[in-house]
Amino acid sequence: EFEEVVTILNTSYLEMSSTGNFSYRKASAVHNELFEKEFIEKRRELKNEGRTEKELAETYAFLLVDRSQVQNICEKGLQAGHSKITILGNPSLGVYLSKHADLLQVNPLDAGVVGDIIIFKILKGRVKSIYDNQTKSMLDPTPKHECHIAKNAVRVNSLLAYRAFELTQY
């Protein structure tokens, strides 16, 4: 189980050099039957709507959290409104997750920092690419889409790129 979790993390880095920058001491898999059933049902629902294999593909996303939040998130799920980021839309109407396991906060992680990362298995579903939303008016969810991504996300090729963290959120 530990090796499987570390493999997920290592294969989700933006920069392959990150492999040597992170060490993991402990990993725990959370099996929540309710979430598992909801995940399977959502996938079935999307498949019945005729969604493509790409839209039905499972992938992973990441969230750096305080230890005090781990149990609550694992038991109740990640709630809308947890983020202050607004680049993809109103955070009170959805959740923000990191695409890369080495890009977990706005500023680069300091050497030796200790933290808890929750790995989410996700279905992105139909994705809407949007231009950076830097205005005061926040976007609402797009009908018939499950996910927003920034159009400029593909341009982020370094952990130190301008706004790398914000641009690589789901």
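The second largest pocket of this predicted model has a volume of about 480 Å³, taken as the space filled by probe spheres set on grid points joined across faces, edges and corners. A pocket here is an open set of points on a 1 Å grid over the protein atoms alone, where a 1.4 Å probe fits, with protein on both sides within 12 Å along at least five of seven lines; lining residues have an atom within 4 Å of a point. Of the 24 lining residues, Leu63, Leu64, His82, Ser83 and Lys84 are the closest to the centre. β1 (58-65), α4 (67-76) and α5 (164-167) each supply at least two lining residues, and β1 gives the largest share, 4 residues. Helices (H or I, at least four residues) and strands (E, at least two) are DSSP runs, numbered from the N terminus.

Residues are numbered from 1 along each chain as its sequence is written. As the model is predicted, local features need pLDDT of at least 70 and side-chain atom pairs pLDDT 80 or more, while totals for chains, interfaces and linings use all residues; side-chain values use heavy atoms, without hydrogens and water.

| Group in α1 | Exposure (relative accessible area, 1.4 Å probe, protein chains only) |
|---|---|
| Val5, Val6, Ile8, Leu9 | buried (under 20%) |
| Glu3, Glu4 | exposed (over 50%) |

The buried residues of α1 are covered by elements including β1 and β2.

Leu109 lies in the loop between α4 and β2 (116-123). Leaving aside neighbours within four places in sequence, Leu109 is in contact (heavy atoms within 4.5 Å) with Phe22, Leu64 and Leu104.
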